[in-house]
Amino acid sequence: MDSNKDEIIDFEKMIRIRLIEEAIAEKYSDQEMRCPVHLSIGQEAAAVGVMSFLNKEDKIYSTHRCHAHYLAKGGNLNAMISEIHGKVSGCCGGRGGSMHLFDDDAGIIASLPIVGSVIPLAVGSALTFKLKKMHNISVVFFGDGAIEEGVYHESANFAKIHNLPVLFVCENNLYSVYTPLKFRQPNNDLTRLATSYGIENIRCDGNNIKKVKSASEIATKHIKDKKEPFFLQLDTFRHREHCGPNFDDDLGYREEDEIKIGFINDPILIEKDRLIKKGILDKNKILKIENNIKIEIEKAFTFAKQDDFPSRASAEEHLYAK
Amino acid sequence: MQNDRKITMSQAIGEATLEAMKKDDTIFVIGEGVTDPKKIFGTTSELVEKFGIDRVIESPIAENGLMGFCIGSALSGMRPLLIHQRVEFALLSMEQIINNAAKMHYISNGKHNVPVVVRLIVGRGWGQGPAHSQSLEPLFAYIPGLRVAMPAFASDAKGMMLTALSENIPTIFIEHRWCHYVTGKVDSDTSNVLLDGPSVVRSGSDITIVATSYMLYEAILASDIAKEFNIFIEIVDLRIIKPLKLEKIVESVSKTKRLICVDTGFKEYGLGAEISASIFEALFKDLLKPVKRIGLPDRPTPSSRFLAADYYPTAENILNEIGKLMDFNSHKVEQMIEMLKIKKPDINADVPNPLFKGPF
């Protein structure tokens, strides 16, 4: 029964992320969200699956494509939507936009838009945990592009030699903007870049929440028991354009088959079918879940719209810490 | 008795680190060579023995990663001191320094602090050449949110390091290798000094010289000679390159109405350009002469001491500019330079003092 409950909660979290992202996409043309958005649609299972084994004191770091991670870890929705609107109640008070989401109360330390830039920060938090003898773990989400950055390699090596409690989560959506992995790497097995540093790893279908969860359970347990890093490769698929609200397969940069399979492997459709077949949920219950989330989303957008812009003079504040 | 204690600037920096680590167990030291036999020119001596390898962390060669590890650990409550043996090593850390260390406090609307201190050493001399001797403080000073400190004197260096390690501002702490050797009085109970901007180290009424780091010593030498010719130089130690506090410089130049800027970096687009532009803006009508700038020429640093001889400005260059600002005739300038040569016989441009035997 409890496991059914967990499955429903995780499913709700995935649908919630999807609906929030779709709402952003739908309202983007209103020109009120005037910052780049990198939507997580299609990659919800990776975020929710990993997060289900973290507690509040565990810290996460994310990238330009941070919405799913932020929401799955419990980031404040109003603060996120306000931030994307450039409003004063945004998590950064309008200074960061969509690519800089954080929420200290939820353990989301930072999201950074330069590819790979965030990876060593997560290692730094893990270093703090080790030095302070805390039992938490630090998790960094990044894409298949970031693993090509030198700083990933510096970070993986350092985490291993210092036995740091950090989980590297590489979401492989096959593309760095429009450039496919096959033009950038000898093969699509990225775990070799963990193995070569002696870091234990698992590669799994990142669109299947069940599989992501079982890999994440092993990963987090390994980190806590063995006091050393772990690496997950979660293969997934970006539904929409790299940056922006639209679908972009009219540009022809992805193969027909790849697109077809990608959309069939929609993490939410897979899980929805499974839960219905198992009798855990039915269409009415799902509709009810969706409606409740939609109400929450509308409230968040109303909040953001009514929220004030930061005063112009406030732009001068906080250059240096006191 | 204690007040007469003289130690070198490198000893002073080491002492500050040790004292700060004793007081605050969130401080750790990290870098390439921090535990090796040479101990970063002696500045990390005794640290690993006293605090162990968890707080004095030897590292792989990974400058960008190191900077990121420090930022991440600072965000979660630690106070890292990262050391690079050369300024140029930090060029590999620039993405982290510029995008993350400098901006985190601002972007988070004041919620996040990055109390990281990064020590960089300018390695002038002994043929170290183009990529081991640069004084690149303007690169860091260009970035909003960073603090850039450049101590010249042992006592100040100790106080500055203590303060930098106790505050929440990401600080680039640039030490000239030749200042490391210079001794000065340092009270054993030296405490924090404010990192609040320039300080006047010599009072004078005729010319203001704003100098940084090692060039303070050349400026002091030049001012001693000038004094013999009845020219009284006011010397301002810039100390804190960023944030740039101009008040004391404006105050000084308002009095002297003449300014020479002397620093250890390249002249073009350098500190002198920034300071002289600001002084022209503030005091255009009061100036008796155009502002003079002294810095390195616009070419990479050569290794050979014969090529380096004309590369580094000295007190002689400063005396030449003093002569121009005071309308001295060439004879009088020559007299000043003669006196300089008697006071400080020629030494090679590639060693800090005649006793120096290399290699770095």
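Predicted model: local features only at pLDDT ≥ 70, side-chain atom pairs only at ≥ 80, totals over all residues.
1. Helix α6 of chain A runs over residues 150-161, twelve residues in total. From its first C-alpha to its last the helix reaches 17 Å, which is close to the 16 Å expected at 1.5 Å a residue.

2. The buried residues of α6(A) are Val151(A), Tyr152(A), Ser155(A), Ala156(A), Phe158(A) and Ala159(A). As background to the spacing of that list, an α-helix has 3.6 residues a turn, so residues three or four places apart point the same way.

3. Just after α6(A) comes Asn163(A), with a positive phi of about 55°.

4. Turning to the interface, 42 residues of chain B are in contact with 37 residues of chain A. The two chains bury about 3200 Å² between them, and 65% of that area lies on carbon and sulfur atoms.

5. Between chain B and chain A there are 17 residue pairs in polar contact, counting pairs with both residues at pLDDT 80 or more. The count of salt bridges between these chains is zero.

6. On the side of chain B that touches chain A, the elements giving two or more residues are the strands β2 (27-31) and β3 (56-58) and the helices α3 (63-75), α4 (94-101) and α5 (104-107). The largest share, ten residues, comes from α3(B).

7. By residue class, this side of chain B divides into 17 nonpolar, 18 polar and seven charged residues.

Conventions. Residues numbered from 1 in each chain as written. Chains lettered and ligands numbered in written order. Heavy atoms only, no water. Helix = DSSP H or I, 4+ residues; strand = E, 2+ residues; numbered from the N terminus. Expected span 1.5 Å × (residues − 1). Buried < 20%, exposed > 50% of the residue type's maximum accessible area, 1.4 Å probe, protein only. Contact = heavy atoms within 4.5 Å. Buried area = accessible area lost by both parts, 1.4 Å probe. Salt bridge = Lys/Arg side-chain N within 4 Å of Asp/Glu carboxyl O. Polar contact = N/O pair within 3.5 Å; in protein donor to acceptor, adjacent residues only side chain to side chain. Nonpolar A, V, L, I, M, F, W, Y, C, P; charged D, E, K, R; others polar.
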